[in-house]
Amino acid sequence: MFDPACSLRRKSNVLSFAADPVQDLYLRELRAYKPTPIKPGDADAHVLKFSPPAAPQSPEEANLASELKSYESQEVEVEGQAAAGEAAPAEESWFEEEVETPAAH
């Protein structure tokens with residue numbers, strides 16, 4: 001019936017003769033490949049040199065003091081209140097109810 005020794009012998013014969021010439025050529029070229037060594041200066045053409053940004057100018061202290069004084073001297077404006085010498089605005093009623101008229105029958 002089934003002879004495992006014969007089957008094993010048949011597979012070993014087929015495997016030895018079925019070598020792929022393309023695979024052999026590929027493996028030979030892969031083993032023969034030697035990459036070019038990387039030099040320290042190779043990246044210089046692709047990388048920009050770092051230069052720190054210029055320091056920002058500091059604001060002048062005299063200018064800050066005058067702006068602070070002008071801010072402190074301003075009058076406070078509150079919405080809804082009348083300014084000096086003006087009439088107070090009339091308040092509007094936001095919740096006006098509609099007058100219902102009796103339905104005529």
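1. The expected span of a helix is 1.5 Å times one less than its number of residues. In this predicted model, helix α2 covers residues 21–32, twelve residues in all. From its first C-alpha to its last, α2 reaches 16 Å, close to the 16 Å expected.

2. Helix α2 lies largely in the open, because the number of its twelve residues that are buried is zero. Buried here stands for under 20% relative accessible area.

3. The chain as a whole has three helices and zero strands, and its pattern along the sequence reads α-α-α.

4. Of the 105 residues in the chain, buried ones make up 1%. The accessible surface of the chain comes to about 11700 Å², and carbon and sulfur atoms account for 58% of that surface.

5. The average pLDDT is 78, and 70% of the residues score at least 70. Confidence is highest in α2, at a mean of 94, and lowest in helix α1 (residues 4–17), at a mean of 56. Where pLDDT is low, the predicted coordinates should not be read in detail.

Methods:
Residues are numbered from 1 along each chain as its sequence is written. This is a predicted model: local features need pLDDT of at least 70, side-chain atom pairs count only at pLDDT 80 or more; totals for chains, interfaces and linings use all residues. Side-chain values use heavy atoms; hydrogens and water are left out. Helices (H or I, at least four residues) and strands (E, at least two) are DSSP runs, numbered from the N terminus. Buried means under 20% relative accessible area, exposed over 50%, partly exposed in between (1.4 Å probe, protein chains only). Accessible areas come from the Shrake-Rupley method with a 1.4 Å probe; for residues, only the protein chains shown count as cover. pLDDT is the predictor's confidence in each residue, from 0 to 100.
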